[in-house]
Amino acid sequence: MSSSSPKRREKDGARQRLHALLDLINPLALYRARPGRPDDLPPEELIGKGVRFVNRIYMLRAIGLGVGFFCVAAAFVQNPVAWPLWVLLAFHGYLWPHLARAWALGSAVPYRTERRNLVIDAAFGGFWIAAMDGNLVPSAVIISLLSMDNIAAGGMRLFMRGLYATLAAGLSGWFLLGARFLPQSDIVTIVACLPMMMLYPLALGESTYRMSKKLAERSRQFEMVSQMDGLTHLFNRRYWESLLIEEFALRHQQRPGAKGAFLLLLDLDHFKSINDTHGHLVGDEVLRNFSRLLRTRLREDDLIGRYGGEEFVVILRDIAHADALHLSQRLIDEARISTTEADNLWGCTVSAGLVPFTPDMDAHFVWLQRADHAMYCAKENGRDRLVLWEATLARKPRPA
């Protein structure tokens, strides 16, 4: 028993080395399931992912292989081959793109299957290089375009997998076909490669451009989401304060005689009782309706934000003193009479503080503090009113 164990271990080791050698020359092994990585999504979240990716690659594959057929066919005419290779070439050029798409779309995770299809494309490329006896121009075109595909679809990781598949399939095809090394390309073969050299990069560039436009649009959407308050669709506090800092710096640099800027802080009176009496869904409706009132009544250049809870802030830019007063008072008056279904505030009124920009303010938060103080003076004096900040208010303590 003990004497046979070393022999068994030796046989097992030989079997493992044989499997490793077969894996090395088998291009299919290159797209077996790879080990998981920490950033991989859970399997249930991957199901159905990649349909658009499959359709994009399908278009490129159909164009590339359809035009590439003539590139390889010209090399076959220069160095004649057996008819089975012609049949395989026709299959690869005009049937494989449709089969690859159907295979990917029919799988649980189309994205992964399509990446495997790209590795199979690379393996086919290596086989055609061997079948063409290393004909230099079409071989260079095939390797270049396959590399472009894999880098565009999966970066260096997919490029390396494709390169290994090309080498493995090329070496296998070389020994299987008994290929010779005939790198010379005649003029017919060179001319037949020109359409693929010109058309396929254009198709890949167009696909990449469309994808980059979609990504740019998605990036803009994400940026807008990060700037907006989800309930009211006004600027959120963090982003609005960044706009206030910019406006404050701009006002310190403005030329004498230019129109001024005002900061308006508004608070919905008795809003807590709305939530307590009617529930938070009604409270949310009140906030949305008041936000709609602000958007429709204020000017396009005014910067409106939700400061927190039932407080709203507005930067009134490039506006005269009288116009700022009139616009702010009109908001309070319209909030008082808003009873229709579209703008119903459920009895809430508005207390507001209005503060002009003055050069004596050291920082943007001083502007905010003055608006906050004026707004609380409006609440202390009976609510449902506008208070314009003046120097005399600074001596008045804010109510506790």
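What share of the contacts in the chain with a separation of 6 or more comes from residues 24 or more positions apart? The share is 74%, where contact means heavy atoms within 4.5 Å. The model is predicted: local features need pLDDT of at least 70, side-chain atom pairs count only at pLDDT 80 or more, and totals for chains, interfaces and linings use all residues. Residues are numbered from 1 along each chain as its sequence is written, and side-chain values use heavy atoms, with hydrogens and water left out.

The chain holds 13 helices and 5 strands; these are DSSP runs numbered from the N terminus, helices being H or I with at least four residues and strands E with at least two. Of its 400 residues, 43% are buried. Here buried means under 20% relative accessible area, exposed means over 50%, and partly exposed lies in between, with a 1.4 Å probe and protein chains only. The accessible surface of the chain is about 22200 Å², and carbon and sulfur atoms account for 62% of it. Such areas come from the Shrake-Rupley method with a 1.4 Å probe, and for residues only the protein chains shown count as cover.

Helix packing comes next. Two packed helices are described by the angle between their axes and the distance between the axes. Axes are lines fitted to C-alpha atoms, for helices over the stretch in contact, and angles run from 0 to 180 degrees between N-to-C directions. Helix α3 (residues 51-78) packs against helix α5 (residues 96-105) at an angle of about 170°, and their axes are 9 Å apart. The two are therefore roughly antiparallel to each other; angles under 35 degrees count as roughly parallel, over 145 as roughly antiparallel, 65 to 115 as roughly perpendicular and the rest as oblique. On the α3 side the contact is made by Val51, Val54, Asn55, Tyr58, Arg61, Ala62 and Leu65, and on the α5 side by Trp96, Pro97, His98, Ala100, Arg101, Ala104 and Leu105. These residues comprise 10 nonpolar, 2 polar and 2 charged. In this count Ala, Val, Leu, Ile, Met, Phe, Trp, Tyr, Cys and Pro are nonpolar, Asp, Glu, Lys and Arg are charged, and the others, Gly among them, are polar.

Helix α3 also packs with helix α8 (residues 187-227), at an angle of about 170° and with axes 8 Å apart. That makes α3 roughly antiparallel to α8 as well. The contact of α3 with α8 divides into 18 nonpolar, 5 polar and 4 charged residues.

Another helix, α7 (residues 136-177), contains leucine 145. Leucine 145 is buried, because its relative accessible area is 7%. Beyond its neighbours within four places in sequence, leucine 145 touches Met196, Tyr200 and Pro201. Methionine 196 is 51 residues away along the chain, with a C-alpha separation of 9.0 Å from leucine 145.

The nonpolar interior can be followed in turn. In soluble globular proteins, nonpolar side chains tend to be buried together. A nonpolar core is a set of buried Ala, Val, Leu, Ile, Met, Phe, Trp, Tyr and Cys residues joined through side-chain atoms within 4.5 Å. The largest one here has 30 residues, and those with the most contacts inside it are Leu266, Leu268, Phe290, Leu294 and Leu316. Two or more residues each come from β1, α10 (271-278), α11 (280-297), β3 (311-319), α12 (321-336) and β4 (350-356). Helix α11 gives the largest share, 6 residues. Apart from this core lies another of 25 residues, including Trp240, Val366, Leu368 and Ala378.

Strand β1 (residues 260-268) includes leucine 264, which is buried because its relative accessibility is 1%. Its contacts, leaving aside neighbours within four places in sequence, are Phe312, Val313, Val314, Ser328, Leu331, Ala352, Gly353, Leu354 and Leu386. Valine 313 is 49 residues from leucine 264 in sequence, yet the two are 5.6 Å apart, C-alpha to C-alpha.

Histidine 233, in the loop between α8 and α9 (237-253), is exposed because its relative accessible area is 54%. Its phi is near 60°, a positive value in a residue other than glycine. Aspartate 318 in strand β3 has a phi near 50°, also positive in a residue other than glycine, and is partly exposed because its relative accessible area is 45%. Isoleucine 337 sits in the loop between α12 and β4 and counts as exposed at 61% relative accessibility.
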